[in-house]
Every structure is written in C-alpha cells, then in structure tokens.
Amino acid sequence: MPPTDRALKSSAGTRSDIRTYKGIGVSPGIAIGRALIIEKRVASVYRVPVREEEIPGEVTRFLEALEKTRDELLDLKQKVSRSMGDEYASIFEAHAMMVSDASFADKVIQKIESEQVNAEWALSEVEEELQARFQSFEDNYLRERVADVKDVSERVLVNLQGIAHHDLSEISHDVIIIADDLTPSDTVHFNRRPIVGFATEVGGRTSHTSIIAKSLFMPAVIGVPRLTRTIDNDELVIIDGYEGTVMVNPTAAMIEEYQSRVTRHAEAERKLLENREIPAITKDNIRISLQANIELPEELDDAFKFGAEGIGLYRSEFLYISKSPLLPTEEEHFETYRTLVEAVAPADCIIRTFDLGGKKLAREVMGSKEDNPVLGLRALRLCMKHRDMFKTQLRALLRASAFGNLRIMFPLVSGVQELRQVKRLIREIMGELDEEKIAYNKNLKIGIMVEVPSAAIIADILATESDFFAIGTNDLIQYSLAIDRSNENVSYLYEPLHPALLRLIKGVIDAGKRAGIPVSMCGEMAADPIYATVLIGLGLEIFSMNPTSIPVVKNVVRAVRYRDCRRIAEIALQKKTAQEIEEFVIESVAMRFPEGLANKQL
Ligand code: PEP
Ligand code: MG
C-alpha cells in the first residue's frame, strides 16, 4: 500500500463518526483528502474612535500590516513566476507596488490621525475614495484598476484583522477545499496538487465554477448547505462527484472501497477511449459530429484524446480570467486564437467572444454592481459598451482567421438589431485591417449562441443574418424557466426535458435547417447520453461538450437508429411534463439500447 494510502487509513474514522452530506455532483470523479476550509468573508469593519495617545500604536499596526502584505505579495510574485511565468507574476508585482506607494500609506495615516479612528476604518474609507476616483476615469484601463484597489485593500485588511491565510504551497498532503462559494477565477487556479477536489455551499450544475471544475478533472460537489460550519479543518473527506456526496471521517473500509472505485472508473474510461477513432454514426447511417467545449487552450490535448472533431465552443472569457486584473493585449488574444485554430485545422474552431458580466466575473470585470446581473450588462451587451476592449478582441480574431477555420460566435444575442450592430463593427475593423494590409478571412463565418428565449423564438429571422447557430441550453434553461443557474435552491427546477425547452430547441433546429445553416448545441444538455436520443430525434447533428463526455455520447449515437430517435422525440413532444418525458425517454433507451443507460451510470 502506498504511504499516503496507509496514512489515510490509519486516520480513518469509526462507523459512528461518519457524516454524509448530499449536494449536486457537478464534476465527476472521486477525491480523498483533508478538509481545508476557505472563508472568503472578510470580517465587517466598524468605526472605533481611538484616543490621542493610542494613535501612534494604531499607525504602527497599520504600517506592520502593510509591510506584511507587501512581503506576501512579493513572495507570491516569485512563486507565481516560477510556476506560471512572469506575465502572471506581474499582477502581484503591481499590487506590491501599490502597497509600497507612500501616498497610499499617507492617506490612511492622515485619516487615522485627523479623524482619530481605527486603522481598519481609515483603510476602508481610503479604499472607497480611491475606488470612486478610478471609477470616474474615462479610460478603461484606469477604471479597471478598481478591482486592484479592492484586492490590495482586502489583503491589508485581512492582515490588520489577523485572519489566517492558507499557503497551499506548504501543504504536503492532498487537500479538499471546502468553501461557501468559489468564483470561476478561484477555481481556475485549482489546477494542481495539493488540491484534489472541492465542495461548496452554493452554486448550480451549469454555473461556470462547475464547468471549469469539469475541465480541470477536479471532482466537485456543490450546493451543500452550511458545509463550512459542519466540517472542521483537517478532517478526512471523500468527495464523490458522480453521486454528489461529501463524506466526512470515512472508515478504512470506505476509503478502500472508494479507492477501488477510482481504479474501476479509470479502467472504464480507458475502454471508452477505444472508440476514439471511429465516427459517431447511427445504425441507419446518420452522421453526428461530436465537438469539444473548452475553457483553456491547454484542454486541446484532452479534446483530441477523447475524439473531438473540432472545437464547438471556446469560452474566450477564461483568457480574461487568467490575465485579470490586466486585460489581454491584442497580441495575447491573437497568439491564443492562432494556436487554437492551427491546432484544430482543418476542423472548425468556434471562438465565442467574451461572455463576461452577469454572475460570471461581474465583480472582477468592470467593478460594476447591478441588482440583477444575470439580466444586466453581460456578454455581447457588455462588450458593445466597452468598445475598446471588444475591438481588441475582434481585431485579434480577424487576424487569427487567416490561419485556420476560425468562426466567431456572439453570446447572449437577443434580437436582430444587436447582431446587425456587431456585424457593422466587424466590417469597420475589416476596413481598418484592409488599410493596414493585414490578412484575414474575408468569408469568415459569423454565428450566434441561441440562449435567450427571444432569440429562439425568432430563430427563423436570425437565421437569415447568421451563418450558424449554437444552442446554449445552460442559459436557455435559465432564462426560459426563470431559474438562476447558480442558485442551488432552484436547481430542482433545472429540467432540460421541460416541454417548453423541447419546443424551443425544435424551433431553432428547424429554422436552421430551413435556412441551410448548421445548428449545434453546446450547453451541458448536449453531454448527457440519455438526452442524446431526443436531440438526435429533433434533428440535431452537431453536439459540443466537455471532452470527457464525448466517448459516452458517441457510444449512444452508434447504438441508436435515427428513425427510432425521431419517434422518441415525436412522442416526447406530446407529453405534458418534464418528468413524464424523462420517464418515457429512459424507458425507451433501456428497452432499445440498454448500453445507453449503462454508459450513463458509468
Ligand atoms: C450555455 O449557455 O449553454 C453555454 C454553452 O454558454 P455558457 O455556459 O458559457 O453560458
Ligand atoms: Mg451561455
């Protein structure tokens, strides 16, 4: 037995200590490690008057916290530079410079002295003033510094308040992160040991934190109420991302069972990969194209490994996350896109322009606060408002289009007007490139995500001005069933087989067919082997999904007859509730091609 296994088992609990919590399994896999609780809340800041003679002590306390923060940032800079390169490290260098800036320290000290208040209060007042200043700038770059001010001030505040930091690089055992909430940008940094899995209190099946967990192969369970209050640091935890369970203090027998499940799953996955080279073709010869959704360029290898025939969705906003708080430059955009399209050529590579805002990265992006961010300045709307940022991305996309089969896709289009405006902007940029004699693909295909109900309903009109459609069920479900995709309280209403959804999807596929443009689906629904039968029956021919799901869906495609799927879809469309449809579909799959169900349970 390897030493870590022995250590795990020797610290295992007895049967009476075991605690099991049920949540939503959003990223498959099993992880075993010790709990590390991350509390993201910074304690509230109160105004505490200080006496005249206490002021020097307060100033010293502030200067010490500042010094500590600067040391931490420089240390972080070095570590990040070693592990991820200088580009990423420069963020922390910039933050360290801000902390060392004498005028920043002076402002806080002046406040402590003139108002005779505690350092925390003085700091938060200065933070607010600086944020307001930066926010008022016309210049995008300066406005975006709001996020830096916030980040740096929070670090100083944490040191002032003596809240412990976790330095993961010093932990030698496997760690399961337990948190109330995690942003996609937190999660994107979880890509290496000692972190082997995570569980959170909030979130939804199709939230971006869940999606990124999947692409990092990180077992994850979300939506477990009060988790951070029921688990202690260092308790032994098993995360079962298949079942959506978190087990605390497992017995030695349980650990053994879960370890053997890891082996069984690895074996099953190896077998599934055997179908990598064969096409996804139904028994009656209908060809289905299975493509990959990726968030990070590094996932390309996985896309190929699992047999993707192209990239159906590259979520370019993750390029922003990895650069945040800096904006990617045109060259950085260009290099990323060129590498992608060249690697994928001759197959298509659909790059979606930034889908920032909404819940996704709202705080990080524009420092903007909205009452209803999911219905607010998100995706294409946000990009059209921040033209400079958007033009940088579009120029880079156009330039990269000369190197392969790049297709541009816009997220969250709700009507024809928006599409026309953005196409006008593209024409403008094409004109500029022509003047500069820079090459681009003049026949570049421009398509849209159909993920807003209004777009689905007028798909026939949009199809006349769009080169392709990609149905985004994650948002289409969110907006048409009125359920926040990141809210665990309404996740029971997440019903891809809801009759309203099936009708919308059918309408979009039919409209695309009538106009002769390709229609794909890249929401999570496309990755489910059971739903695949209905979707094929509705006429869907292009599925795009996280790479690991491709082999399972391919097995289903190869096991079914299009004719039967058509019948299943017809009957499903006549049913009244999602439950009735689901029962019927599962029954049909079990009866006609039991392999489909076996795959689902894998
Ligand atoms: C969708 O909405 O289905 C989709 C694929 O886009 P995202 O999940 O990035 O919003
Ligand atoms: Mg979407």
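A cavity here is a set of grid points, taken over the protein atoms alone, where a 1.4 Å probe fits but cannot get out, and its lining residues have an atom within 4 Å of a point. With that in hand, welcome to this predicted model, in which 4 cavities of 30 Å³ or more are counted. Ligand 1 sits in the largest of them.

**Ligand 1 and its shell**
- There are 17 residues around ligand 1, and those that come nearest are Arg315, Arg352, Asn474, Asp475 and Arg485.
- By class, this shell holds 8 charged, 5 polar and 4 nonpolar residues.
- Helix H8 (208-215), strand E10 (311-315) and helix H20 (473-480) each give the shell at least two residues, with the largest share, 3 residues, coming from H20.

**Polar contacts and burial**
- Oxygen atoms of ligand 1 lie 2.8 Å from a polar side-chain atom of Arg485 and 2.9 Å from a polar side-chain atom of Glu451.
- Asn474 takes part through its backbone, with a polar atom 2.8 Å from a ligand 1 oxygen.
- On its own, ligand 1 would expose 290 Å², and the protein buries 100% of that area.

**The largest cavity**
- Its volume is about 80 Å³.
- Of its 15 lining residues, Arg315, Arg352, Met449, Glu451 and Asn474 lie nearest the centre.
- The lining comprises 8 charged, 4 polar and 3 nonpolar residues, and E10 and H20 each supply at least two of its residues.

Technical notes: Residues numbered from 1 in each chain as written. Chains lettered and ligands numbered in written order. Predicted model: local features only at pLDDT ≥ 70, side-chain atom pairs only at ≥ 80, totals over all residues. Heavy atoms only, no water. Near = heavy atom within 4 Å. Polar contact = N/O pair within 3.5 Å; in protein donor to acceptor, adjacent residues only side chain to side chain. Areas by Shrake-Rupley, 256 points an atom, 1.4 Å probe, with all protein chains shown as cover. 1 Å grid on protein atoms, 1.4 Å probe; cavity = no way out; pocket = protein on both sides within 12 Å on 5 of 7 lines; lining within 4 Å. Sits in = over half its atoms within 2 Å of the grid points. Helix = DSSP H or I, 4+ residues; strand = E, 2+ residues; numbered from the N terminus. Nonpolar A, V, L, I, M, F, W, Y, C, P; charged D, E, K, R; others polar. Points joined across faces, edges and corners; volume = space filled by probe spheres on them.
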